[in-house]
Amino acid sequence: MDPFTLAVLLVIALFILIFMRVPIALAMGLVGAFGYVQLSSFSSLKAYLSTAWVDKFMSYDLAVVPLFILMGHLATHSGISASIFGAARAWIGHLRGGLAMASVAGCALFGSISGSSLATASTMARVALPEMKKHGFSGALSSGSLAAGGTLGILIPPSVVLIIYALLTEQNIVKLFLAATIPGILAVIGFMIAISIYVRLYPEEGPTSQKASFAERIRSLGDIWHVVVIFVVVLGGIYGGFFTPSQGAAVGVVLTLIMGVIKGGLTVNTVMSSLIDTAGSTAMIFAIVFGADIFNVALALSRMPMETAAFISGSGISPMAVMIAIIVFYLVMGCLMDSLSMILLTVPVFFPTIMALDFGLQPEQQAMWFGIISLVVVELGLITPPVGMNLFVISAMAPEIRMTEIFRGTIPFIAAEFTRIVILVSFPVLSFWLVDLIAN
Amino acid sequence: MAGLGGIIIFAAAFFVTLSVVMSNLGFGGIRGEFELVELACATCASLFLPLCQLNRGHVMVDVFTGWIPPATSERIDGLWMLIFAIGWAFLFWRLCIGLDEIHTYGDKTMLLQAPVWWVYIPAVIGTGLSAVVAACMGMFIVLPKVFRAELN
Amino acid sequence: AEVTLRLHHFLPPVAPMHSKFFEVWAGEIAEASNGAIDVQIFPAMQLGGKPPQLADQVRQGICDIAWTLPVYTPGRFLVAETMSNPFMTTNAEKSSVALHQLMDEFGQNDYPGVKPLAFHTHDGGKLHTRDAPVLSQSDLQGLKLRAPNQATGDMLTALGAEVVFFPVTDMVVGLSNGVIDGCCLPYEVVPAFKLQELTSFSAAPAPAARGLYGNTFSLLMNEAKYNEMSDDLRGVIDAASGAALSQRIGKQFDAFEAFGKSMVEKQGNEIVEIPAEEIARWREAADPIHAAWIEKLNDAGHDGAAIMARANELLDAG
Ligand code: NA
Ligand code: NA
């Protein structure tokens, strides 16, 4: 069998296993290992697996995942997150779906210090899911808004995916971060609109709470000074040149601990249970990361993603048609793969193609535009079933919500993202206007 | 054990913060803080595994099997759990080989000069225990009567 | 194709090493073998693992050919690592010729199970800074610099700099927000990180002086894979490797260096020259590092002094 056909069969096999209730990590690992043996050999699989686990996780990039998750658990156990929601409820809780909107806003805030979607989704889910449940929100709406909100972790800078894109395409990381700001804000607006339409269609899924008095609103602000301190120190530290974003994750954990102790919610017991909770979510995420690694290596060995990309590149159609074909390809692959592997496997082929086409832009503008589009499209893969990492994260945080419910809850947000993709493709200027204004 | 992993990641966070504070006060940062975090990350990833297996924390998609009676889907889950056990056991075996190789080579991290084989020990423990946990739970779920009989 | 060789490396495909060397070289091999050998290139660690594992991957047959740095696995390939010490490089071509010769004479037993195809270096590192140029040791005092490897870090520390070892991604962010003041890297990597936009000054040793540091690289092939090929095809690989290949890659790195420098110039950054006498004083500060290296070679059963002397002789002869 030729490698390309084999790769297609592997993808189908993965689908089937996942539909048969096989845990995602196991399904990807099994299919990946089978493909690896077929395309290479059993002895090289054995050799690869003798160090791959440790290699994969002896990683500074991945270390921020448990750090941010721990930060979220500490915030929850100390009651800090409850006060964020107290404030959010006081100010916008009386709107229909107000708490879901507050979750998205919380994700955006958290996303501005975290570079990872998984960390953002899991942290904010930890914080917001119990609150929304308590206030009568449906599982679909609350998990959907958190899964979508979680993607703001990479859409709003800093962003691990943009860093990888910048390294692959030799672009300026800082300018790319700047470029992602307007599209990131658009995402927040899109999610808010999605929520408001959702609750108009299904009012029972996102109830309103009683409108708070002015005095209550002011009091609620007094309760969140701990959060303000954490954000000011971490954001100020990153943008003021005191530490790098990865160091910021560690500083955030320590600060949250200190603020939790000051607030009085943290004891030895609650800290211990934060650690245990962190262990559970981290292991689940890392097991999938590892399964995905084996699966992605098998796909790379088959050269299927590269050949498909080359085929699209070489088909000789108009520039915009190539762009749309690439987006469609990403959307389809996004149902199956994780965002980083997709970028790693395909950007090396697509980027030179796009750069060779004439869209009437400066080369740097074109590179930023394509970077933002790729980011948005692969990010969408995080919330599209059946393989959507953010969906799994939410599911792990709230086992009582059925996967079907979660899938249903993401539909309005996927629709919002489609709209945003159309806007960003139609108006490239949105992706580099801020850079031209500030950096150049 | 998961608690131990948690304490390690916590310690790494403190260490980096201390390094950042020292560096900004002009004492100079701590050499090798990045490596320490990397070692901590690999250790945690391994130590956290068995607990996740015990809690049945590995996510799966239940969309297309909703119509199956709960007892049957429980059996199916038990079967996959057994296969999971085989997967972890395979990884455990390979990591033992990896531990031996890296120990023989004496690879050390660049700055801390910490032997890399150290982090293979939690990896071996974590995957080994996960295999045992998954095997026990899988058998219990697939063959509940046998086990209950033995318990009685 | 009769034989497929999977070549694994860590650079992104936009890197000149990928497009101007690996792809060209793979094409030459395909042509010389009439299509019997298909070299498939997997950039950016697409076959999994991290760059330090490349040497093991090629030995174990996870890939067939790997391009890697001996410093990734400190202590394993000591002879090849020798020329990664401070002040052990001239330009890339001459240093690569010297390194290949040194490996022929002293490094034959360092690569069991592996057939080395080439050894080379890049051009010497330069000091790229944000706020002020580095012209003398006094400019280095308290300067927060990102060091590319352990030995260079030791050397810069000895000269009074405050050294950090950030990963490259943190280095880029650190340079832009001011967590660090500068870094020590050759011009060749400037385009990859857009360093010309992050720094304003570049300081290079005077042309007559040795470079501040230069990493060594090795292009390795799995020995079993090589042996199982037919005599004809082995001949194709032989013709496409060896001392001539090392020199060729070195020469290409000099071209990459010139291109990187042109990017710095185009940006309008100030390029300064560190006087040869100043570099001579810096070399003295690095003496203890070289002495310690000789000890390390001795401990591993090599004749450290002889290797060091021969390396210096080869570098000065070029
Ligand atoms: Na972010
Ligand atoms: Na998806």
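Q: Which element supplies the largest share of the lining of the second largest pocket?
A: In this predicted model, the second largest pocket has a volume of about 620 Å³. Its lining draws at least two residues from each of H11 and helix H13 (225–239) of chain A and helix H7 (168–177) and helix H9 (195–198) of chain C. The largest share of that lining, 9 residues, comes from H11(A).

Q: Which residues that line the second largest pocket are the closest to its centre?
A: The second largest pocket has a volume of about 620 Å³. Of the 29 residues in its lining, the closest to the centre are Val174(A), Phe177(A), Leu178(A), Tyr239(A) and Ser176(C).

Q: How many nonpolar residues does the lining of the second largest pocket have?
A: The lining of this pocket includes residues of H11 of chain A and helix H7 (168–177) of chain C. By class, it has 3 charged, 7 polar and 19 nonpolar residues. The number of nonpolar residues is 19.

Q: Which residues that line the largest pocket are the closest to its centre?
A: The largest pocket has a volume of about 840 Å³. Among the 35 residues that line it, those closest to the centre are Pro399(A), Asn55(B), Arg56(B), Gly57(B) and His58(B).

Q: Which elements each supply at least two residues of the lining of the largest pocket?
A: By class, this lining has 16 nonpolar, 11 polar and 8 charged residues. The elements that each supply at least two residues are, from chain B, H2 and H3 and, from chain A, H15 and helix H20 (389–397).

Q: What area is buried between chain B and chain A?
A: The interface brings 55 residues of chain B into contact with 58 residues of chain A. Carbon and sulfur atoms give 79% of the buried area. The total is about 5100 Å².

Q: Which residues form the salt bridge across the interface of chain B and chain A?
A: The rule finds 1 salt bridge across this interface. Side chains of opposite charge can pair when their charged atoms come close. Here the closest N and O atoms are 3.0 Å apart, and the partners are Arg21(A) and Asp77(B).

Q: Which element gives the most to the side of chain B that touches chain A?
A: Between chain B and chain A, 8 residue pairs are in polar contact, both residues being at pLDDT 80 or more. On the side of chain B, two or more residues come from each of helix H1 (2–24), helix H2 (33–54), helix H3 (70–105) and helix H4 (120–142). With 15 residues, the element that gives the most is H3(B).

Q: Why does the pair of Arg21(A) and Asp77(B) join two chains?
A: A search of the whole structure finds 26 salt bridges over all chains. Arg21(A) lies in the loop between helix H1 (3–19) and H2 of chain A, whereas Asp77(B) lies in helix H3 of chain B, so the pair joins two chains. The two residues are Arg21(A) and Asp77(B).

Q: What area do chain A and chain C bury between them?
A: At this interface, 40 residues of chain A are in contact with 34 residues of chain C. Of the buried area, 58% is on carbon and sulfur atoms. The area that chain A and chain C bury between them is about 3100 Å².

Conventions:
Residues are numbered from 1 along each chain as its sequence is written. Chains are lettered from A and ligands numbered from 1 in the order in which they are written. This is a predicted model: local features need pLDDT of at least 70, side-chain atom pairs count only at pLDDT 80 or more; totals for chains, interfaces and linings use all residues. Side-chain values use heavy atoms; hydrogens and water are left out. Contact means heavy atoms within 4.5 Å. Buried area is the accessible area (1.4 Å probe) that two parts lose on being put together, summed over both. A salt bridge is a side-chain nitrogen of Lys or Arg within 4 Å of a carboxyl oxygen of Asp or Glu. A polar contact is a pair of N or O atoms within 3.5 Å; within protein, one must be able to donate a hydrogen and the other to accept it, and residues adjacent in sequence count only if both atoms are side-chain atoms. Helices (H or I, at least four residues) and strands (E, at least two) are DSSP runs, numbered from the N terminus. On a 1 Å grid over the protein atoms alone, a cavity is a set of points where a 1.4 Å probe fits but cannot get out, and a pocket is an open set with protein on both sides within 12 Å along at least five of seven lines; lining residues have an atom within 4 Å of a point. Grid points are joined across faces, edges and corners, and a volume is the space filled by probe spheres set on the points. Ala, Val, Leu, Ile, Met, Phe, Trp, Tyr, Cys and Pro count as nonpolar, Asp, Glu, Lys and Arg as charged, and the others, Gly among them, as polar.
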